[in-house]
Amino acid sequence: MYDGVLLENGQPRSPWRPAPLRACDEVIALVARQRNVPIRLLMHKSRSRLATARARQLAMYLAHVVFGRSLTEIGEAFGRDRTTVSYACALIEDMRDDPRFDAEVCALERALEARLAGDDDHAA
């Protein structure tokens, strides 16, 4: 169910999307799977319930920190403004003071970095 990022109509997104958006797709799929939140809710225009909003904020944070995407690029990928992405990053950074949450974020960062390293190996 979470193997690929789907459009709202259920069709898979094109593999020919610009790199910033594809990177966000990977983060969205991982966070959706990890947090058990449907991808369509992470991408939905509404604010959603707290668990969904936190998952979205976490995905935005990871896209910025791990993939180094700009706040504007991430905002475009999520259908949000760059200031919303900035708020999400600051919030997640503050939440990392909790050791359990920090361990979860570290595990997600490692998974994404491993995936990024694997993509680099295939490109060579």
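**Salt bridges and a pocket**

R96 forms a salt bridge with E109, and their closest N and O atoms lie 3.0 Å apart. By salt bridge I mean a side-chain nitrogen of Lys or Arg within 4 Å of a carboxyl oxygen of Asp or Glu. This pair links distant parts of the chain: R96 sits in the loop between α5 (82-95) and α6, and E109 sits in helix α6, 13 residues apart. Helices here are DSSP runs (H or I, at least four residues), numbered from the N terminus.

Before going on, the ground rules. This is a predicted model, where local features need pLDDT of at least 70 and side-chain atom pairs count only at pLDDT 80 or more, while totals for chains, interfaces and linings use all residues. Residues are numbered from 1 along each chain as its sequence is written, and side-chain values use heavy atoms, with hydrogens and water left out.

Back to R96. Are R96 and E109 buried or exposed? Both are buried, with buried meaning under 20% relative accessible area, exposed over 50%, and partly exposed in between (1.4 Å probe, protein chains only). R96 has 14% relative accessibility, so it counts as buried. R96 also forms a salt bridge with D102, with 2.6 Å between the closest N and O atoms. D102, at 24% relative accessibility, is partly exposed.

How many salt bridges does a search of the whole structure find? The search finds four. Another of them joins E104 to R35, the closest N and O atoms being 2.8 Å apart. That pair also links distant parts of the chain, with E104 in helix α6 (residues 99-123) and R35 in helix α1 (residues 19-35), 69 residues apart. E104 is partly exposed because its relative accessibility is 25%; R35, at 26%, is partly exposed too.

Now the pocket. The second largest pocket has a volume of about 150 Å³. A pocket is an open set of points on a 1 Å grid over the protein atoms alone, where a 1.4 Å probe fits, with protein on both sides within 12 Å along at least five of seven lines; lining residues have an atom within 4 Å of a point. The volume is the space filled by probe spheres set on the points, which are joined across faces, edges and corners.

Which helix gives the most to this lining? It is α3, with five residues. The lining includes R47, R56, M60 and Y87. Its residues divide into five nonpolar, three polar and four charged.

Terms used. Helix = DSSP H or I, 4+ residues; strand = E, 2+ residues; numbered from the N terminus. Nonpolar A, V, L, I, M, F, W, Y, C, P; charged D, E, K, R; others polar.
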